[in-house]
Amino acid sequence: MLDTYAVLLILRIALVVILYLAIFRVIAVARREIKVVEHAPASITRGKDVVGHLVVIDSGSTPLRPGARLDIEPITTIGRSPTNTVVLDSTFVSTEHTRILFRDHSLWVEDMNSRNGTLVDQNRITSPVAVTPGTILQVGDVRFKFAV
Amino acid sequence: MIFRSRYRWTEMGLLLFPAAFLVLALLELELTQGASTALTRNTLPPIDTFTPAIGLIVALAVTHVLLTIFAPDSDQTLLPIAGMLASIGVIMALRIGSAPGFNAPTLGAKQLAWVILGLGFCVGTVLLTRDLRWVRNYKYTWAVVGLALVGVTFVNAIRHFNTNAPSRDVLAIGPGGLSFQPSELVKICLVVFFAGYLSENQEMLSVGSVSFGGVKLPPLKQLGPLLFMLGLALIIAVGIRELGLALLIFGMVLSMTYAATNRMTYVLGGLALFTVGAIIAFSVFSYARVRLQIVTNAFDPEVYPVAGYQIVQGLVAFASGGVFGSGLGLGHPTIVPASNTDYIAASFGEEFGFAGLLALLGLFMLLVFRGMLVAIRARDPFNQLMAVGLTSVFALQTLVILAGNLKLMPLTGVPLPFVAYGGSSVIANFIIIGFLLRLSESKT
């Protein structure tokens with residue numbers, strides 16, 4: 001027959017072992033989850049066709065709120081005319097000012113022969129330029145930052 | 001994700017661990033308390049009931065079923081981790097409460113009641129935050145609630161300014177000796193408010209527009225709430241002398257700001273402010289000097305009987321546990337003052353040893369890991385920041401109190417999440433778990 005000391009010793013070991021088993025079990029679950037995520041098709045995660053965001057940094061003379069996030073669609077046009085995807089009501093912005101395109105897994109900014117030009121990271125662009133998150137885009141007197 | 005059944009099998013499997021722990025721990029407690037072995041000097045009647053274990057297991061199971069119904073897609077590891085920690089808390093309260101000299105046989109039952117209440121609050125949070133947008137829309141209300149709680153504490157602090165109570169942050173409510181610590185709920189309110197503020201001004205803060213001595217800073221309008229939060233932490237430290245809460249708010253603000261802006265400038269600036277504040281506090285307030293003296297000279301024969309007793313006995317408790325501990329129910333944790341609250345880690349360390357403490361730390365690390373994973377997977381900046389803030393509260397609390405117990409920094413009365421005895425803390429922590437569960441649902 002087991003005496004109290006032996007039972008206590010077994011219980012003591014068992015208690016600490018349970019704690020560690022719980023930890024390893026949670027880690028195993030986490031590993032499995034990460035694998036599932038890796039193998040999941042990427043397409044199911046996108047509901048809307050949004051390929052990025054424009055964040056307003058300086059709203060210039062438009063009523064936009066600094067910090068506002070605007071969706072970038074595969075073809076996004078920016079200008080004063082209401083037909084654009086992003087409408088900027090400012091005298092410094094041409095009716096059709098700038099176009100953002102999604103090609104080859106990258107975003108491209110193209111100037112539409114605007115009067116005041118399109119500035120990417122403060123350089124006036126003449127041909128389409130590929131941009132990454134963090135790039136600063138200036139359209140007339142409005143400044144944006146690209147974000148994911 | 002596609003072939004997964006809706007039933008939370010993983011969670012159920014993981015919940016078997018706290019259940020097994022509770023049953024075995026109670027068995028051991030019963031043996032050590034009841035049997036007249038040479039190992040024990042316990043004179044109190046043994047714990048001759050398995051009610052605590054069964055009660056907590058049933059409560060966890062009910063929570064599990066409710067989550068299956070109301071939040072089937074939420075994270076399945078959070079409840080088992082929190083449940084495991086809470087089980088340790090209940091067992092330790094039970095064990096310390098029945099120790100000779102402590103004379104509080106109902107301590108374990110009370111802690112059990114708090115945990116069950118906490119699980120109720122957790123499910124309640126999950127139900128109420130079905131649409132997280134209302135939480136965000138009322139962010140100023142949350143800020144006002146948080147400030148009101150701080151204000152109440154502040155008034156209380158002024159009322160008791162001459163008493164030498166170590167914590168001024170306890171409010172007595174009701175006749176039954178029930179008390180309530182407002183700071184526990186302040187944390188949650190401030191995280192919600194700050195997440196709302198940061199998610200709206202994220203870009204402004206990370207880019208900056210006003211150049212100030214070579215460093216680009218955002219305009220005052222955007223910077224205001226950030227400075228306000230840091231000021232609040234300062235007021236709490238000076239006015240209420242609740243250093244732990246101040247550190248918590250400070251650390252939470254810095255981690256959330258860093259997560260939102262990815263700029264080290266804020267963290268470095270915050271740390272510089274902290275250093276300046278610490279130096280000023282050290283030279284102006286005597287209590288700050290005393291706190292530091294306790295840490296540096298606890299073993300001094302003159303300091304030890306006056307102020308060093310607790311911290312030295314805490315270290316002795318850790319040391320006497322050794323690698324494998326004295327065994328649950330076989331140590332003498334009650335020698336250390338506040339063995340069931342501030343020094344719960346020392347009590348646990350004495351009876352479960354270094355091996356047990358390492359496992360406890362592992363559980364907290366997993367909790368933080370899962371919380372940060374929730375943040376990474378969340379879509380919306382507000383949800384992400386809230387998960388970061390709530391998780392950092394767990395991480396900071398654990399670090400601050402464990403470092404205090406181990407004499408690595410001045411001791412501040414922050415409860416070890418889920419494990420330390422105390423109703424407000426347990427309930428607030430389970431509310432945080434409720435928020436994290438809701439945030440972890442990929443749909444939101």
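Mentor: Two residues are in contact if their C-beta atoms, placed from the backbone, lie within 7 Å. Please keep in mind that this is a predicted model.

Trainee: Which residues does Ile72(A) touch, not counting residues up to four places away in sequence?

Mentor: By that cut-off, Ile72(A) is in contact with Val50(A), Val51(A), Gly52(A), His53(A), Leu54(A), Ile100(A) and Leu107(A), once residues up to four places away in sequence are left out. Ile72(A) itself belongs to strand β2 of chain A, residues 69-72.

Trainee: How do you know whether Ile72(A) is buried or exposed?

Mentor: A residue is buried if 20 or more other C-beta atoms lie within 10 Å of its own. Ile72(A) has 22 other C-beta atoms within 10 Å, and is therefore buried.

Trainee: What makes Gln122(A) count as buried, partly exposed or exposed?

Mentor: The limit for an exposed residue is 12 or fewer such neighbours. Gln122(A) has 8 C-beta neighbours inside 10 Å, so Gln122(A) counts as exposed. Gln122(A) lies in the loop between β7 (118-120) and β8 (123-124) of chain A. Its phi is positive, about 70°, although Gln122(A) is not a glycine.

Trainee: What makes α9(B) and α10(B) roughly parallel or roughly antiparallel?

Mentor: Helix α9 (residues 243-261) and helix α10 (residues 264-284) of chain B pack at an angle of about 160°, with their axes 9 Å apart. Angles over 145 degrees count as roughly antiparallel, and these two helices are therefore roughly antiparallel to each other. The crossing of α9(B) with α10(B) is right-handed.

Trainee: Which residues of α9(B) and α10(B) meet?

Mentor: From α9(B) come Phe250(B), Leu254(B), Thr257(B), Tyr258(B) and Thr261(B); from α10(B) come Tyr266(B), Val267(B), Gly270(B) and Phe274(B). The residues of this contact divide into six nonpolar, three polar and no charged.

Trainee: What makes β4 and β9 of chain A edge strands?

Mentor: The sheet is open, with five strands in the order β4-β3-β5-β6-β9 (chain A) and mixed pairing. Strands β4 (86-87) and β9 (129-131) of chain A each pair on one side only.

Trainee: How do you know that β3(A) and β4(A) pair?

Mentor: Pairing needs at least two bridges. β3 (residues 75-79) and β4 of chain A are joined over two bridges in the parallel sense. In β4(A), Val87(A) is the bridge partner of Gly79(A).

Trainee: How many bridges join β10(A) to β11(A)?

Mentor: Four bridges join β10(A) to strand β11 (residues 142-147) of chain A, and the two run antiparallel. They form a hairpin with two residues between them. Val142(A) is the bridge partner of Val139(A).

Trainee: How many residues of chain B are in contact with chain A?

Mentor: 31 residues of chain B are in contact with 25 residues of chain A. α1(B) gives the largest share of the chain B side, eleven residues.

Definitions and conventions
Residues are numbered from 1 along each chain as its sequence is written. Chains are lettered from A and ligands numbered from 1 in the order in which they are written. This is a predicted model: local features need pLDDT of at least 70, side-chain atom pairs count only at pLDDT 80 or more; totals for chains, interfaces and linings use all residues. Axes are lines fitted to C-alpha atoms, for helices over the stretch in contact, and angles run from 0 to 180 degrees between N-to-C directions. Angles under 35 degrees count as roughly parallel, over 145 as roughly antiparallel, 65 to 115 as roughly perpendicular and the rest as oblique. A crossing is left-handed if the near helix is turned anticlockwise from the far one by less than a right angle, and right-handed if clockwise. Ala, Val, Leu, Ile, Met, Phe, Trp, Tyr, Cys and Pro count as nonpolar, Asp, Glu, Lys and Arg as charged, and the others, Gly among them, as polar.
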